[in-house]
Protein chains: 2
Amino acid sequence: MSSKRSYAIIGTGALGGYYGGLMVRAGLDVHFLLRSDFDHVQQHGLRIDSKNGDFHLPRVNAYRSAAEMPACDVTIVAIKTTANEQLADILASTTRDGGVVLVLQNGLHVESDAVAVVGPDRVLGGCCFLCSNKVGPGHIDHIDYGRIAFGEYRADGSVQPIRELTRAIEADLQKASIPAEAVDDLIKVRWQKLMWNIPFNGLSVVLNASTAEIMNHPASEALAEQIIRDVRAAAMQCGKKIDEAFVDKMMDDTRAMVPYDSSMRIDFKRGRPMEVEAIVGNPLRELQRHGGHSPRLEMLYQQLTFFNRNQTV
Amino acid sequence: MSSKRSYAIIGTGALGGYYGGLMVRAGLDVHFLLRSDFDHVQQHGLRIDSKNGDFHLPRVNAYRSAAEMPACDVTIVAIKTTANEQLADILASTTRDGGVVLVLQNGLHVESDAVAVVGPDRVLGGCCFLCSNKVGPGHIDHIDYGRIAFGEYRADGSVQPIRELTRAIEADLQKASIPAEAVDDLIKVRWQKLMWNIPFNGLSVVLNASTAEIMNHPASEALAEQIIRDVRAAAMQCGKKIDEAFVDKMMDDTRAMVPYDSSMRIDFKRGRPMEVEAIVGNPLRELQRHGGHSPRLEMLYQQLTFFNRNQTV
């Protein structure tokens, strides 16, 4: 692998557009796959409004289809998991021999679709702690945060020593001012993020409520905390020890947030398919594979599956 | 108690208007407490459209306040439990010395408010299997069913031999063509009715769905069945044995129904307080008093409590 790695960004939205834009600005070799925004970005580039400073990239490497893209060293998957059926075709084009895929999606075992295309030893996963929105074609509004914790994916959840390539990607991202951290236990990081995503994505849809509304009523606040505890218990049953203090941290962090619509609630309101399987179904099945069960998580999953039935836009 | 008993009907709506109308037609001595419909009913009487035959009662004993009513032998409570704070004043006026109260409300231990007024040995409770609506002032549309199972209320749930007075009320109701049945185990009958009311009232609000929509999706159908099983398990833990075949009966009966909005969903849509405490909270607390717990019922209760927060009309 050359000293200057090439990156393909699959999905140039709130997440891929933001991180990719930072990487272009830092001089990295980045190639963007776009759909509806292609014409606009081809002509006007990318515009990033960020709390860390706005910037405009008048020209970026934009592509209308994966077939036109160069085979890259690292393909970053930044689409929703509900669009993962596109990945087989995309990754076959964008991933060079010996290249890797970095899956920056929410949920658990969301890397398995990439593994099915490129094989088990060439897939990394990452959790992003990012608050940003796409506010127009090629126009990203970065509100806060931005950390990425990423590491090698193994379906069995085993801890993986951090490889040289992973360190190199970490260095590239850090060069782009992205707070990136390579980790040796990706699945544990994913479970920690699920301790927020399952209760607050899930309840925001079922209760039709923002995070602030959930936290401001004792019944929903108590339910959110119980679901956080259930996710932690599920992680433990699956062999990932998470400190109990992390429960209070999730609650305190959410209380401190401005009223916030989770990504699942935004999808729900727009009639789009929600990431129910990635965020709730997969963790639940992982728990069941480990002999556990959780009536609350099952009930939340059933309710979300019901609400997902007509989300087709 | 005279051979001809006097009846006060508290709440002249879909239930009190229908049953009271049948009783007037049969020549019983019936007195109706009305609020908003008083003027209309005073002038035009009650109109009952029924699958068993329409009828009109041009003159009924209508009262604007309980203080104007005669003290009666039997006071039938047919208001929503959410209005029970009115009962203390009402029952003090309508119940003669030695008179009894028959509480025809949904839920568990809904008789306790009447007990607090008239004492523990003078309260009966009943479950109504009735499908009717108030369609205008003093105008009831009886769609189907109509059975009442009623018996003496005891807070400890003990089986009570059927007293002479209970048999006399049963005879009065039957004379009025009401399929009434005195029972010795009211609390068991209430748990059986809760096996429908908890899942289908509860999920119709949380899932924003009719009974047909709940039954027509595998996720919600499975959740409804699990909640029915949880209610049965709660009844068993509280000492009331209900045959397992009753679970399938609840599911089959609901599948056979026309698409139906539960009373709780109707209240929710209209912005009215929902009977969450009577129908879900009280059974849950009864289970907890018996050392049991149920994550699904607790979660449903928390969700409904949240949805009830702004219901104030």
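This is a predicted model: local features need pLDDT of at least 70, side-chain atom pairs count only at pLDDT 80 or more; totals for chains, interfaces and linings use all residues.
How many salt bridges does the rule find across the interface of chain A and chain B?

Residues are numbered from 1 along each chain as its sequence is written, chains are lettered from A and ligands numbered from 1 in the order in which they are written, and side-chain values use heavy atoms, with hydrogens and water left out.

Back to the opening question: the rule finds 2 salt bridges across that interface, a salt bridge being a side-chain nitrogen of Lys or Arg within 4 Å of a carboxyl oxygen of Asp or Glu. Arg296(B) pairs with Glu298(A) in a salt bridge, with 3.8 Å between the closest N and O atoms.

Which elements give two or more residues to chain A's side? They are α6 (186–206), α8 (218–237) and α12 (295–307) of chain A; helices here are DSSP runs of H or I with at least four residues, strands are E runs of at least two, and both are numbered from the N terminus. The largest share, 10 residues, comes from α12(A). By type, that side of chain A divides into 12 nonpolar, 6 polar and 4 charged residues.

Now the contact count: 22 residues of chain A touch 22 residues of chain B, contact meaning heavy atoms within 4.5 Å. Between them the two chains bury about 2,100 Å², 68% of it on carbon and sulfur atoms; that is accessible area (1.4 Å probe) lost on being put together, summed over both parts. On chain A's side, Met299(A), Gln302(A) and Phe306(A) lose the most area to chain B, together 31% of what that side buries.

One last stop, the backbone. Most residues other than glycine have a negative phi. Asn208(A), not a glycine, has a positive phi of about 50°, and sits in the loop between α6 and α7 (211–215) of chain A. Is Asn208(A) buried or partly exposed? Asn208(A) counts as partly exposed because its relative accessibility is 49%, and the partly exposed class lies between buried (under 20%) and exposed (over 50%), with a 1.4 Å probe and protein chains only. Ser177(B) also has a positive phi, about 65°, in the loop between α5 (164–175) and β10 (180–182) of chain B.

Conventions
Ala, Val, Leu, Ile, Met, Phe, Trp, Tyr, Cys and Pro count as nonpolar, Asp, Glu, Lys and Arg as charged, and the others, Gly among them, as polar.
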